[in-house]
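Work through the two exercises below with the structure open beside you, and try each task before reading its solution.

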Amino acid sequence: MARLLVTGGAGFIGSNFVHHVLDHTDHDVVVLDKLTYAGNLASLDGLPADRFRFVQGDIADPTVVDELVGGVDAVVHYAAESHNDNSLHDPRPFLDTNIIGTYTLLEAVRRHEKRFHHISTDEVYGDLELDDPARFTEHTPYNPSSPYSSTKAGSDLLVRAWVRSFGVQATISNCSNNYGPYQHVEKFIPRQITNVIRGIRPKLYGAGENVRDWIHADDHSSAVLTILDRGVIGETYLIGADGEKNNKDVVELILTLMGQPADAYDHVTDRAGHDLRYAIDSTKLRTDLGWAPQYSDFEAGLAATIDWYRNNEAWWAPTKDGVEAFYASKGQ
Ligand code: NAD
Ligand code: DAU
């Protein structure tokens, strides 16, 4: 049994991880989350009070971070500003949280000699051509495109430096696009599902040929637990489930699953600097650590996600109008 500090545990992937840990292990969890616009305490409803505690605070605040890190065995670091579109309009919070926040946590785990796992993204590698047979591996050079991905790349490099220079006991994982319950309606899949529920036409950036490599958030959680259990200190592991799809196909599948004509969507202004394609080769994680994803059927996982948004309107409704007004102001 271990005590885990999960940063960003009120966000999309962090909350899925907290549920996964409490369901599948006997670890205790403390969540540290600032509750920005992206955090939602309702995502942590119903967790057992004897194994779970929530603390509202900023990962860039050394006092709160030092006190919490001192009381746990390991830190799993999800907290971040996570949305590319926001980073194009206001990059500053991305620097504060993704860079200074990660630095603050690294100094605390260094002081207290605690295990650290850093959650990162495949976007640090930039993008691939549509017809490139290559996929990202742990050896692909860093080449981030957006303010978001460049701050994530910077945070990865900080972790590597703290391992090498100070002997911090850390691992890093870089995962592809997640889908599943509790994802904010600003993101692609929940935005389109909730648009259809509200009678709004889905919005596709540009021609919709951009490819993302989809993985269910629960598979991301099992991969992170595997790395915490058996990962080699100082190593990076790529997490992916062979889920490449272009955005047009995903929108058409959402519309079909929701009983609408497959072409009932709009093309809108493209994202500046829009990465064309991400694709993950997760051979290292599968062969060295024996991990495998459970959600191999994207259509079934997407149908379950649609059901979740249909059944949990109270969770997303308070944020929907503001998100759509913001996108409309940008022609998206
Ligand atoms: P999210 O935006 O849904 O959640 C982020 C959480 O972090 C929120 O609860 C927010 O309140 C909290 N937070 C933000 N700033 C904070 C601060 N300064 N102090 C404390 N808490 C703060 O993000 P997500 O999609 O769940 O992503 C989680 C992590 O996974 C991020 O590090 C992201 O880079 C990474 N990641 C995401 C994906 C994806 O597909 N969403 C894929 C690969 C990696
Ligand atoms: O690859 C991992 C990354 O995946 C994570 O690091 C990020 O935190 C996460 O947000 C996600 O980044 P993307 O930019 O790929 O995700 P997003 O959901 O914003 O967009 C997915 C694709 O859909 C992208 O090609 C842009 C497009 N898109 C997005 C929105 C919101 C649309 O076509 N229409 C939309 O309305």
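**Exercise 1: the ligand**

Find the polar contacts of ligand 1 and describe its surroundings.

Step 1. A polar side-chain atom of Ser 82 lies 2.7 Å from an oxygen atom of ligand 1, which is a polar contact, meaning a pair of N or O atoms within 3.5 Å. A polar backbone atom of Thr 36 is 3.0 Å from an oxygen atom of the ligand, while a polar side-chain atom of Thr 97 is 3.0 Å from a nitrogen atom of ligand 1.

Step 2. Alone, ligand 1 exposes 830 Å², of which the protein buries 97% (Shrake-Rupley areas, 1.4 Å probe).

This is a predicted model, in which local features need pLDDT of at least 70 and side-chain atom pairs count only at pLDDT 80 or more, while totals for chains, interfaces and linings use all residues. Residues are numbered from 1 along each chain as its sequence is written, chains are lettered from A and ligands numbered from 1 in the order written, and side-chain values use heavy atoms, without hydrogens and water.

**Exercise 2: the core**

Which residues have the most contacts inside the largest nonpolar core?

Step 1. A nonpolar core joins buried (under 20% relative accessible area, 1.4 Å probe, protein chains only) Ala, Val, Leu, Ile, Met, Phe, Trp, Tyr and Cys residues through side-chain atoms within 4.5 Å.

Step 2. The largest such core has 30 residues, and Phe 17, Val 18 and Ile 239 have the most contacts inside it.

Step 3. Beyond its neighbours within four places in sequence, Phe 17 is in contact (heavy atoms within 4.5 Å) with residues including Leu 4, Val 76 and Leu 228.

How values were computed:
Buried < 20%, exposed > 50% of the residue type's maximum accessible area, 1.4 Å probe, protein only. Polar contact = N/O pair within 3.5 Å; in protein donor to acceptor, adjacent residues only side chain to side chain.
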